Structures are given as structure tokens and as C-alpha cells.
Amino acid sequence: MSEAGALPGRAIDPLLDHAPVGFLSFADDGTITAANATLAAMLGHAPGELEGRRLEAVLSLGARIFYQTHFFPLVRMHGRAEEVFLVLRAADGGNVNVLCNVARVERGGAWANDCVFMEVKERAKFENKLLLARQEADRARMEVQEHAEELRATNEQLEQQAVELELQQQQLQEAATELETQAEYLQATNDELFVRTLELDRQRAAADDANRAKSAFLAVMSHELRTPLNAIGGYVQLMEMGIHGPVTSEQREALDRVARSQKHLLRLINDVLELARIESGRVDFVLETVDLAGLMADVTPMVEPQMDAKELVFTVRVAPGRAARADREKLQQIVINLLSNALKFTPPGGTVSVGLARRTGEPEMLLLSVADSGIGIPPEKQAQVFEPFVQVDMSRTRRSEGSGLGLAISRDLARGMGGDLTVQSEVGKGSTFTLWLPAADEDAGETRRVKA
Amino acid sequence: MVFAHGFGCDQNMWRFVAPAFEDEYKVVLFDYVGSGKSDLMAYDAQRYATLDGYAQDLLDVVHALDLKDVVLVAHSVSSMVAVLAANQEPGRFERLVLIGPSPRYVNDEGYVGGFERADIDGLLEMMDRNYIGWASFLAPAIVKNPGRPELGQELTESFCSTDPVVARRFAEATFLSDNRADVPRVTVPALLLQCSEDMVAPLEVGEYLHREMPGSTLRVMKATGHCPHLSHPEETIELMREYLQPAHAG
């Protein structure tokens, strides 16, 4: 560098002073040590006016920061910088855009930062276009990124929804499986029930068959037993009549016992036979209108002697004109059976009475009752008295010589005629057996149809 | 001793100052994410939208090396990053050395920051324009250091290698920030190194900080400009030693 200057005191080469480019040199502390006339003119200063001032004086505010944060550190560290864009400040405060090249050199024992500035005008327009294009591109890229972000968010939402849907589907699947399991279980239960029903049907059929076989067997057996028993009875009678020779008093007593036993056994067999026949459905009922007062008139003479003998007060209160739809013979059998029981289980001096009633609201049924003041039946035994081969007090069976089938037969007969037989009793006070019969008189209203 | 570089450069800007403390201190230099040789993949626009993200960088370094009794030397914008970090974990730091600090660059009612919003916009535009020719900034260069042969030829990396997009965001985070509310909360003693005629951080700003920051010491340097550690490393080192000597000796 030459020491010669265009102006006195200026440390600038005259050749450089008017070069078509701005020149400036500054020290590390920011003091401008040299500036050519071209730069001074570019910034609206007089030549020599810039020397000694601080570099900030020619920098715009933005450029000052840029200088401090980028430009100076760059020059200080690299030793040079090229094509740095700076906005300089003119004397009138206006901006001057320049491109700057800098080189850091040691001169006269100190560091100098030599800069050249080329003003950019036309070039700046292209740069503006370029910048705008880049800003557009940046904006577009940001938008794309935002869209991508939105899409990602939407995608995440969709994925989340998909997961939720899958979860719901799984739950539904589980519920369906559960229902299926329940259905299978129900089907299994149903199948089992069906099998059980079949089994029950089969068992019931088997039981019915067995019952029928039993009844048939009993009927046959009873018949087979009756024949020899009749023969026994016949021969006893012949012997008692002395046809086979004289009979001693001891022999007569023995023959009496045989005859009694034969009669008891025969009655027993007859009862069994009858019950078996009823239960096997082989009894025919001949239903007709039976006048109950007339019926009692027929029956009373059959029991009155025994009632008197036991000193029982026997009364019959059956109003005339009442009729039942029944099998006359079987009805008579039931009534005699009930009266025999009353006679049997009522101590001497007691009462036996027959009455007839009709329930209000149930005109189609007549209630014929046989009441006694006998020993009575405990409540827990009342249902059993109608079961075959049952007597309330077995010890008395021998004494009363009953078969234990009487009440069972009577109820079966009553039911066979469309009626029933029930009991009310109190221990020590007596029993009342009530025979329910379909009414056939004019108060009965519509005659009840009875199955034979 | 941790050195935090300022806006526009990287840890290399400490190369005239840091070696002077290597005998007495464990010296730690680092680049913020987006600067120097940091991993650009780690850059997260959200995280670095404010200075808090940079404060987290600083604390990450302190945690990673499990540093205690740290003397934190911070330049320019890093001063406020240092304030944020020190307020977050005061126990880690023994002293702060803040070079050319400013809590707010834009003027406000009753506050002189040195700039108007339009000036900052001018800076941003200038940065945009310079990125057009950014390649020349990044070009590797062999640095000539006639005065400092020990640094010599070995350094072939470029300086101030900053990603343009990141630098632009850093500039916005820096120059549009307002950390005045964080200043009174500082409990770590701090040395404020204020350059004379620093137009990035004017004297008014240094005085404001000294007034608002408890336990702070303000030293106005002979050095001019905004980068005394580059332009006046000797004075910078001397003032630091002077401040740290009693604390370190005790």
C-alpha cells in the first residue's frame, strides 16, 4: 500500500481513491482507518470524512448486529470473507445495498481489515425474486409439512379408531362366543331334558305295564285261590251237616273255626280281586239315577241289628227327592262299607249318623256323610286310610278282622263314578266320611257328564 | 469452567480465551444444537423456538459431565441462556461471567435495548440474503495466525458454520426475546463484562442488568464492539481472573 494520498493526511493510494469500487479499511476496534472517495460518494460523504469514525457509522442497524455476530467473527477467525451482503447507511440515513469482500492483513504492526464494497442494484432485484421464490418454496414446504402433520394426526386418529373398533369387535366376538356357549349349554340342557323326558315316559310306561301285570296277576291268583276256598267251605258245611258221619262238639268247634277262617280269607281275596279289577280298569259302571232316601231305606235294615246290638244311636237324615247319578250296586257297597267301619270303630253307646248336604255354589254335587263318635284318626294318618292294606292301628286289624282294603276300594269306586271320598276326623271325638256324588235331581242344574 | 458461545458462531470463538484457564480449570466447550459440529438431526424447531431449549442444551452438558461448582462464561445471547439455566439449577453454578449480555434487544417503554423491531427485521433480511452465498461461509479455510503460531495451520475447519434455517430461528429466538423477568431471580454471583461502544448491547443495558441482577459486578471494558473475547482477549482474560481470583483462592 502506498503512503501517498489524494488529500493531505489521508492514508490512501490515489489510484485506489477513484477506483470504481468502494474501499474501506478498519482496525479490530472498529475504527475506520481508510476509505476511498468512491465509497464516500456512494454514501453521500465528502472524501476524507469517514476516516477516524467508527465502522457502525456506515452500517444500518441490522448490519451492525450482523457485523458483530457474523461478519467480524468471520473475518477475525477466517482472515477473509467474500460476497457478504451488507446494508450500509448513507449520510442521509438511506440504505445502500452492497456486496463486500474482506481480507485481514497485518500492516505496520497492526491488523487491518480491508473491505471492498460493490453496490448492488439490478442484482438485488434478481436476488429479491430468488428470495421470494425461496420463501414461497419454504412456505409451500411448511404447508406440506403441516398437511403431512395433519395427515399423520388424522392417520393416528384413524388408527386409534381402528384399534378401538377392533377392540369393540373383539368384545362383540367375546359376547357372541359367550352367547354361543350359553346356547350350547341350553341345547345340552334341552337335549338332556329331552332324554330325561323320554326316560320318564319309558319308565312311566314300564310302571304302567308293571302295574297292569300286577293287577292281572292278582285277579288271576285271587280267582285261583277262590276255587279251593269254596271247596273248603263246601266240605266244612257237608261235615257240619253230619253227612260224613256224626260230629262231636269238639269237632264242630274246630269246623266253625275252619269255616270262619275260610270266610275271612275269601272276603280278603274278594277285596283284593275287586281292587285289582278296579285299578286295572276292568270294572264297568252302570250309571243311573239313584234316589238316595230309597237307597238308605234299603241299607238301614242290613246294619240296624248290629247297631242295636252295640247300643249305638243310629240316625239317617236324608230328605226325599234327592238323587245321584251313580251305579246303584256300587253306591250301596260304599255306604255299607262306611257304616261297617263306623260300627267297627265306635265304642258301645256312641252315635252313627248319615246326612245329605249340597254346597252353596256347587249344586252339581251331593255330599252323603257318615259320621261317628268313634276313636277318630290322627291328622297325619288321614290321607293314608285310603291307601290299600293300611289300617291306622295295625294292632286292631286282627280284632276288627278287616282286610284294610275297604276304604281304598270305596274311594276308587266313588272316583269311578265321577265322585270322591274324603275324611274329616279328630282323635277321641270321631270321624266323618263324606261321599261326593254327581247330583241327578232337579236342583243339580246341568247334569254333569260322567266318564264310565 | 463452561464456555457458552453466542449467536452466529460456535465454540471456536473461545479459542483466544479458553486456553488461558486450562491450567486452573477443567475447561468445557460445546456447540448448541444447530451450531458448529452439532448433530443437526437433534434439532427440534419446537424445542429451540425459545431460549429455554438452549438452556436445556447447557444443562444437558452439565449433567452429562456431572459438573459442579461451575464457572459459566457466556457471550451475548448465551448470557440469558446462562441466566435461565442458573435459575433452574442454582446449585450447579458458582459464578457467571456474562459478556455483552442483554435481556431484551428491542426498545420498550422505559427501557433502552438499542433496537427497534424494524432493525431486527433488517438483520433477518440480511441474513436471508447472505444465505444465497452461504457456501463461501462454509468453505473450509486454512487460518493464518501469524501472531499465534500455536493455533497455526492445523485448524482447517470453517468457523461460524451454522445451518441457515437454524440460524434464522436462533436469530428470532434471540433478538425477539424478553428475559427481563428472569434477571432479578438470579442468585448466583455474576460478572457483567460490558464493552464500551457496543452497539448490540449498549451501556444502558449493562447498567440496567447491574441494577436488576442481585449480587452482580459490572465492569465496563476498554474493548469496543460486541466480541471482546475475539478483539481483546487479553483484557477479557485479565478481568475474568481478577473477578474469579478471590473466589477461587478461597
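**Close-ups of a two-chain model**

**View 1. Helix 5 of chain A, from end to end.** Helix 5 (residues 249-279) of chain A has 31 residues and reaches 45 Å from its first C-alpha to its last, close to the expected 45 Å. That expected span is 1.5 Å times one less than the number of residues. Helices here are DSSP runs (H or I, at least four residues), strands are too (E, at least two), and both are numbered from the N terminus. This is a predicted model, where local features need pLDDT of at least 70, side-chain atom pairs count only at pLDDT 80 or more, and totals for chains, interfaces and linings use all residues. Residues are numbered from 1 along each chain as its sequence is written, while chains are lettered from A and ligands numbered from 1 in the order in which they are written.

**View 2. The buried part of helix 5 of chain A.** Look for Asp271(A), Val272(A), Leu273(A), Glu274(A), Leu275(A) and Ala276(A), which are buried (20 or more other C-beta atoms lie within 10 Å of a buried residue's own, with C-beta atoms placed from the backbone). Their cover includes helix 4 (122-240) and helix 9 (406-416) of chain A. After helix 5 comes Gly281(A), with a positive phi near 70°.

**View 3. Where chain B touches chain A.** Here 34 residues of chain B are in contact with 31 residues of chain A (contact means C-beta atoms, placed from the backbone, within 7 Å). Helix 3 (117-132), helix 4 (134-138) and helix 7 (228-231) of chain B each supply at least two residues of this side. Helix 3 of chain B gives the largest share, nine residues.

Definitions and conventions: Two residues are in contact if their C-beta atoms, placed from the backbone, lie within 7 Å. A residue is buried if 20 or more other C-beta atoms lie within 10 Å of its own, exposed if 12 or fewer, and partly exposed in between; C-beta atoms are placed from the backbone.
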